[in-house]
Amino acid sequence: MEITNLLKHIPVLETKNAGPIKVTGLAYNSRKVEKGQVFVCIKGFKVDGHQFAGQAVENGAVALVVEDFIDGIELPQYKVENGRVALATLADAFYNHPTRKLKTIGITATNGKTSTSFMTNAILENHGFKTGLMGTVVVKIGDYAEPSELTTPESLDLQRFYAQMVEENVSHATMEVSSSALELNRVGCVDFDIVTLNNISREHIDLHSSFENYFHHKSSLIRNAGADKVAILNLDDSYSASLMNKTKAKVITIGVE
C-alpha cells in the first residue's frame, strides 16, 4: 500500500522527511518490525515507544508515526495527536475494515465475560454459522485456535485476527472487551453489531484510578453504539440498567429478578 493512501485515514499534524513509500505493514513492537513496515510509537504507562524507534529502523521500518518528532532519524515521520488512536485507525484501514464484513459481538462485564462469550459462540455454531472467538482463553478462527496473550488484543493484532476471519469465511465473531482495551482504544475501529454490559463491580479498578473511571470506560461500549446496532442490558445490575437511555442502539433488556 502507498503510504499516502494509508495515512489519509488519520489526521496528521505535521510531517518530516515525507516522501512516496510502499508500505508492507504496521508494527508497534520494535522487536517485531519487518522490512517495509511503518512503526507506530505508542506512549505506554511504563515504556515510551519513541525510545525504540532506532531499533525499529534497524529492523527495517521505512517510516514512523510519532507523537513527538525524533531527532537523528532521517526516515519520514508523521506526527499525530495520539499514537494509540492512530494505530487502531491505521490497522483497520490496512486490513480493509474487516469488522464491516462480519457480524461482530462485543461482551464486557466485571465477571462472566469468558463464560458468556463461549456460550454465545456455542449457540452460533449450533445454528450452523462459522464463528470466530477472542478472549481471555483463546483466539479461534473457524477451526483454528491459539492461546490468547491478552483478554482483548492490541488494535493491530485485533484487526489482523479479524482479517483472517474474513479470509476464512467466518460470519460471526464474538469478543471479550476488557475495560483496559476500551480505555486504550484497542477496539476503537471495531464495527460492533451487538454489544452488552452484563455487570460491573468494584474489581479490576486499579488500572483506572477510580470506580467512576472504570465504569466510564466499561460503559463506552454501550454509549458509543450507533442507531443501527443492538445493546443488551441487564436490568438486575443497576449500572447496566442505567445505560438504557444513554445509547442510540436498539436496547434489549434481560433479567431474572
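## The largest pocket

In this predicted model, 38 residues line the largest pocket, and those nearest its centre are Tyr28, Asn29, Lys32, Glu154 and Asp157. Two or more lining residues come from each of strand 2 (25–27), strand 3 (37–40), helix 3 (83–94), strand 9 (144–147) and helix 5 (155–167). Helix 5 gives the largest share, with four residues.

The space in this pocket amounts to about 1100 Å³. Its lining comprises 17 nonpolar, nine polar and twelve charged residues.

## The second largest pocket

The second largest pocket has a volume of about 270 Å³. It is lined by 15 residues, and Val187, Phe192, Ser220, Leu221 and Asn224 are the closest to its centre. Here the largest share of the lining, three residues, belongs to helix 7.

By class, seven residues of this lining are nonpolar, six are polar and two are charged.

## The nonpolar cores

The largest nonpolar core contains 29 residues, and the members that touch the most others are Met134, Tyr162, Met165, Met175, Val187 and Phe192. At least two residues of this core are supplied by each of strand 8 (138–141), helix 5, strand 10 (172–176), strand 11, helix 7 and strand 12. Helix 7 provides the largest share, five residues. Another core, of 20 residues, lies apart from this one and includes Ile10, Ile21, Tyr78 and Ala86.

Which residues does Tyr162 contact, leaving aside its neighbours within four places in sequence? Tyr162 is in contact with Pro98, Thr99, Leu102, Thr104, Met134, Ala173, Met175 and Val190. Among these partners, Met134 and Met175 are also listed with Tyr162 among the core members that touch the most others.

## Helix 7

Helix 7 covers residues 211–223 and has 13 residues. The distance from its first C-alpha to its last is 17 Å, close to the 18 Å expected at 1.5 Å a residue. Its buried residues are Phe211, Tyr214, Phe215, His217, Lys218, Ser219, Ser220, Leu221 and Ile222.

The buried residues of helix 7 pack against both strands and helices. The strands are strand 6 (103–108), strand 11 (194–197) and strand 12 (230–234). The helices are helix 4 (113–126), helix 6 (179–183) and helix 8 (238–241).

Conventions
Residues are numbered from 1 along each chain as its sequence is written. This is a predicted model: local features need pLDDT of at least 70, side-chain atom pairs count only at pLDDT 80 or more; totals for chains, interfaces and linings use all residues. Side-chain values use heavy atoms; hydrogens and water are left out. The expected span of a helix is 1.5 Å times one less than its number of residues. Buried means under 20% relative accessible area, exposed over 50%, partly exposed in between (1.4 Å probe, protein chains only). Contact means heavy atoms within 4.5 Å. On a 1 Å grid over the protein atoms alone, a cavity is a set of points where a 1.4 Å probe fits but cannot get out, and a pocket is an open set with protein on both sides within 12 Å along at least five of seven lines; lining residues have an atom within 4 Å of a point. Grid points are joined across faces, edges and corners, and a volume is the space filled by probe spheres set on the points. Ala, Val, Leu, Ile, Met, Phe, Trp, Tyr, Cys and Pro count as nonpolar, Asp, Glu, Lys and Arg as charged, and the others, Gly among them, as polar. A nonpolar core is a set of buried Ala, Val, Leu, Ile, Met, Phe, Trp, Tyr and Cys residues joined through side-chain atoms within 4.5 Å.
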